[in-house]
Amino acid sequence: MSHPRRFRDVIRVGPVQVASSNDRRGREKHTAACTAPRCGFSADYDSRAAAELAARTHTCP
């Protein structure tokens, strides 16, 4: 059974939200996800800096 992630430190960069969470093994992961309609961009990163860079440079297709 999958447990929902508990996101923290959520920020918004344009249409992209960046948040941190812990994976099932307790390791910290950082997610960038676009909230624009029909975009669908979402990616996990090992560092917060990488997730924030992805958010700043993202352009919707």
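**View 1. The β2–β3 hairpin and its turn.** Five residues separate β2 from β3 in a hairpin, and Gly-26 in the turn has a positive phi of about 85°. The strands run antiparallel and are joined by seven bridges. Two strands count as paired if DSSP finds at least two bridges between them. Gln-17 stands opposite Ala-33 in β3. Helices (H or I, at least four residues) and strands (E, at least two) are DSSP runs, numbered from the N terminus. This is a predicted model: local features need pLDDT of at least 70, side-chain atom pairs count only at pLDDT 80 or more, and totals for chains, interfaces and linings use all residues. Residues are numbered from 1 along each chain as its sequence is written, and side-chain values use heavy atoms, with hydrogens and water left out.

**View 2. The β1–β2 hairpin.** β1 and β2 pair in the antiparallel sense over four bridges. Two residues lie between them in this hairpin, and Gly-14 in the turn has a positive phi of about 65°. Arg-8 has Ser-20 as its bridge partner in β2. Strand β2 (residues 16–22) is mostly covered, with five of its seven residues buried. Buried means under 20% relative accessible area, exposed over 50%, and partly exposed in between (1.4 Å probe, protein chains only).

View 3. Glu-28 and Arg-8 meet through their side chains in a salt bridge (2.7 Å, N to O). The pair links distant parts of the chain: Arg-8 is in strand β1 (residues 8–13), Glu-28 in strand β3 (residues 28–34), 20 residues apart. A salt bridge here is a side-chain nitrogen of Lys or Arg within 4 Å of a carboxyl oxygen of Asp or Glu. Glu-28 counts as partly exposed because its relative accessibility is 42%. Arg-8 is also partly exposed, at 31%. The structure holds five salt bridges.

**View 4. Lys-29 and Asp-46.** A salt bridge joins Lys-29 to Asp-46, with the closest N and O atoms 2.6 Å apart. Lys-29 lies in strand β3 and Asp-46 in the loop between β4 (42–45) and α1 (48–57), so the pair ties together parts that are 17 residues apart in sequence. Asp-46 is exposed, with a relative accessible area of 62%.

**View 5. Other charged pairs.** Arg-27 forms a salt bridge with Asp-23, the closest N and O atoms being 3.0 Å apart. Arg-27 is partly exposed at 43%. Asp-23 is partly exposed at 22%. Elsewhere, a network of salt bridges links Arg-48, Glu-52 and Arg-56.

**View 6. The nonpolar core.** Eight residues make up the largest nonpolar core: Val-13, Val-16, Val-18, Ala-32, Cys-34, Cys-39, Ala-51 and Ala-55. β2, β3 and α1 each supply at least two residues of this core. Such a core is a set of buried Ala, Val, Leu, Ile, Met, Phe, Trp, Tyr and Cys residues joined through side-chain atoms within 4.5 Å. Val-16, leaving aside its neighbours within four places in sequence, is in contact (heavy atoms within 4.5 Å) with Ile-11, Ala-32, Ala-33, Cys-34, Ala-55 and His-58.

**View 7. Model confidence.** The protein averages a pLDDT of 93, and 93% of the residues score at least 70. pLDDT is the predictor's confidence in each residue, from 0 to 100. Confidence is lowest in β1, at a mean of 96, and highest in α1, at 98.
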